[in-house]
Amino acid sequence: MGHCGKLEALLTAYVDGEASARDCAAVAAHLAECRPCRRRAAIEQAVRQVLRARAGTIRGGAPDALRARCLALAARVRGKGDKPC
Ligand SMILES: [Zn+2]
């Protein structure tokens, strides 16, 4: 490990899907072995899902917004034995 600082700079682009293939692979490889960063990435992703869902609502309710909300809910209930959605 030890490159968490570097990862932090790439994480935003990674969760936005804007990282280059090379950066994306580097982030994925680091996340695979670094739990704190994985947690961070999950939080970043959750925040983006909410923002995206809200943007969809403002624009009149895109199906993507619903899907994002479903995915967020599914992620939350997973592990508790509940059925997602
Ligand atoms: Zn890390």
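**View 1. Ala 13 and its surroundings in a predicted model.** Apart from neighbours within four places in sequence, Ala 13 is in contact with Glu 18, Ala 19 and Asp 23, a contact being a pair of C-beta atoms, placed from the backbone, within 7 Å. Between the C-alpha atoms of Ala 13 and Cys 24, eleven residues apart along the chain, the separation is 8.6 Å. This is a predicted model, in which local features need pLDDT of at least 70 and side-chain atom pairs count only at pLDDT 80 or more, while totals for chains, interfaces and linings use all residues. Residues are numbered from 1 along each chain as its sequence is written.

**View 2. The kink in helix 1.** Centred on Leu 10, helix 1 has a kink of about 45°, the bend being the angle between axes fitted to the seven residues ending at a residue and the seven starting there. Gly 17, with a positive phi near 75°, follows helix 1.

**View 3. The largest nonpolar core.** Leu 7, Leu 11, Tyr 14, Val 15, Val 27 and Ala 41 make up the six residues of this core, defined as buried Ala, Val, Leu, Ile, Met, Phe, Trp, Tyr and Cys residues joined through C-beta atoms within 7 Å. Helix 1 (residues 4–16) gives the most to this core, with four residues.

How values were computed. Buried ≥ 20, exposed ≤ 12 C-beta atoms within 10 Å, placed from the backbone. Helix = DSSP H or I, 4+ residues; strand = E, 2+ residues; numbered from the N terminus. Contact = placed C-beta atoms within 7 Å.
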